[in-house]
Amino acid sequence: MVGNQREPELKKISIDELRVGMYIHRLQHSWFNVPFYRRYVSSLRQIETLREYGIRDIEVDLSKSEVSEEAAPEELLARNEVEKELFKKYSGLPESPREERPAELLDPIGEFHRLNRDMREARKTVEKVQKNITLAMRDAGMGRRVSVDVTGDLVEEMIVSVLNNDRALLALSLVENYHNYTYQHSINVAILMLTFGKYFNWDRAELKVAGLGALLHDVGKVYVPEVILNKPSSLTEAEFKIIRKHPLWSEEILRVVPRMPPRSLEVASQHHERYNGNGYPRGLHDYRLTKLGSVAGLLDVFDALCADRPYRAAKTPNESLLFIYKEFKGQFTPGLFDQFVKCIGVYPVSSLVEIDTGEMGVVVSLNREDQLHPSVVLIQNAEGRALTKPIIADLRRRDPSTQKYLRNVVKVLRPAEHRVDVREVITNGVDE
Ligand SMILES: [Fe+2]
Ligand SMILES: [Fe+2]
């Protein structure tokens, strides 16, 4: 741990190896180029800012760094307001009164129409990607080279779609159901990667590298027998051994693809590595895991939890977040999960929610500055009757006299248990 009296333990690393908790001794760059700067790295945003200023190499002092402590992720999470609220909400503790301030109301109906329109556009892109990923996997399975040209163009198309309206593509990834899990999962991880990358302000080149890697991260599964991939019961040690090889096989397949960016391979080879070293295939840990590798690991787990598998039912996006929060402690780069929740929201688009008025609705828009009060399409009234004409409610609205919220989310519901087709709700228009 930290010890001011300890001898400095200097180590040169690249920006990709810089982690939350590290103490920067020196930037291998003119200090004057970075206007504001803290030596102790406490957030991923700080790392991204350094990257944006062109910093590539850094000298860190490991004697003052705190990156490998198990307690770090929770401690960092607790510093974040959003996460505190997420946690309180589910641990049943009363919430402290929020600071009252007038919310700047967007136009939720206009936003929803935009979501409908952009989802229709995004679906066309996703359908093309789906066709292409099917061909890429088939080629790889037959020992042919995967073509980066077509795949790369489609990733460009996805980038345009995400930059235009990240909610539309994200909503599609959360509600669409294709029959082939690996294809659907690959597309979803790519969408999540681009959405998260946009949140971090990655430039287009970085988005393309990350998106390509995400789209093809599981291509090595073509060498895993179907019976193992779809086995409904637990796997034997021998079967696990085979499964654990797929990131290496993905890396192998992508390495020979002409013009495949080398860093896209990191997404494929590291997506099952874990920050605490408990991952596979190489057992890489902390700073040995690259930025793209660690992000891919989190997104891969999130999407897998949101999907139906032969051995368990799908979780809602909100349940998946909570599950990761509780069960994956220490497995992801400190602060990363925290940023992910901020990016997709405590109640991600497409969540079916019960409201304290007795109404029920589907989240269609995230309000970043007030995550617990998104915009929802109401589909059931306070008496429990289905609304023939669904209406949009902005949960940030307050009673003008008391300043209390008019509606609050009580809990997230499972659509299947309430016979709600979320996909239909958010793709159908609403009356104004
Ligand atoms: Fe995988
Ligand atoms: Fe995966």
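Colleague: Are α6 and α7 roughly parallel or roughly antiparallel to each other?

Modeller: Helices α6 and α7 are roughly antiparallel to each other. By convention, an angle under 35 degrees counts as roughly parallel, over 145 as roughly antiparallel, 65 to 115 as roughly perpendicular, and the rest as oblique. Please note that this is a predicted model, in which local features need pLDDT of at least 70 and side-chain atom pairs count only at pLDDT 80 or more, while totals for chains, interfaces and linings use all residues. Residues are numbered from 1 along each chain as its sequence is written, and chains are lettered from A and ligands numbered from 1 in the order in which they are written.

Colleague: At what angle do α6 and α7 pack?

Modeller: Helix α6 (residues 166-175) and helix α7 (residues 181-199) pack at about 150 degrees, and their axes are 9 Å apart. Each axis is a line fitted to C-alpha atoms, for helices over the stretch in contact, and angles between N-to-C directions run from 0 to 180 degrees. The crossing of the two is left-handed; that term applies if the near helix is turned anticlockwise from the far one by less than a right angle, and right-handed applies if clockwise.

Colleague: Which residues make the contact?

Modeller: On α6 they are D166, L169, L170 and S173, and on α7 they are N188, I191, L192, T195 and K198. A contact requires C-beta atoms, placed from the backbone, to lie within 7 Å. By class, the α6 contact with α7 has 4 nonpolar, 3 polar and 2 charged residues. Here Ala, Val, Leu, Ile, Met, Phe, Trp, Tyr, Cys and Pro are nonpolar, Asp, Glu, Lys and Arg are charged, and the others, Gly among them, are polar.

Colleague: And α8 with α12: at what angle do the axes cross?

Modeller: The axes of α8 and α12 cross at roughly 40 degrees and come within 8 Å. The two helices are therefore oblique to each other, and α8 passes α12 in a right-handed crossing. V209, A210, L212, G213 and A214 of α8 meet R263, S264, L265, E266, V267 and A268 of α12. That contact divides into 7 nonpolar, 2 polar and 2 charged residues.

Colleague: Overall, how many helices and strands are there in the protein chain?

Modeller: The protein chain has 16 helices and 8 strands. Both are DSSP runs numbered from the N terminus, with helices (H or I) of at least four residues and strands (E) of at least two.

Colleague: In what order do the 5 strands of the open sheet stand?

Modeller: The order is β7-β6-β5-β4-β8, with antiparallel pairing; strands pair if DSSP finds at least two bridges between them. Strands β7 (386-394) and β8 (409-413) stand at the edges with a single partner strand each, so one side of each is left without a neighbour in the sheet. The twist from one strand to the next averages 35 degrees. Strand β6 (residues 375-380) is joined to β7 by 5 bridges, and Q380 has A386 of β7 as its bridge partner.

Colleague: What about the open sheet of 3 strands: in what order do they stand?

Modeller: That sheet runs β1-β3-β2, and the pairing is antiparallel. Its edges are β1 (10-14) and β2 (24-27). The twist there averages 30 degrees from one strand to the next. Strand β1 is linked to β3 (residues 57-61) by 5 bridges, and K11 is partnered by V60 in β3.

Colleague: A change of topic: is A140 buried or exposed?

Modeller: A140 counts as buried because it has 23 C-beta neighbours inside 10 Å. The cut-offs are 20 or more other C-beta atoms within 10 Å of a residue's own for buried, 12 or fewer for exposed, and partly exposed in between, with C-beta atoms placed from the backbone. A140 lies in helix α4 (residues 108-141). Leaving aside residues up to four places away in sequence, A140 touches V146, V219, V222 and I253.

Colleague: Which peptide bond is cis?

Modeller: The bond from Y280 to P281 is cis, with omega near 5 degrees. P281 lies in the loop between α12 (262-270) and α13 (291-305).

Colleague: What is the phi of N201?

Modeller: N201 has a positive phi of about 60 degrees although it is not a glycine. Most residues other than glycine have a negative phi. N201 is found in the loop between α7 and α8 (204-215), and with 12 C-beta neighbours inside 10 Å it counts as exposed.

Notes. Two residues are in contact if their C-beta atoms, placed from the backbone, lie within 7 Å.
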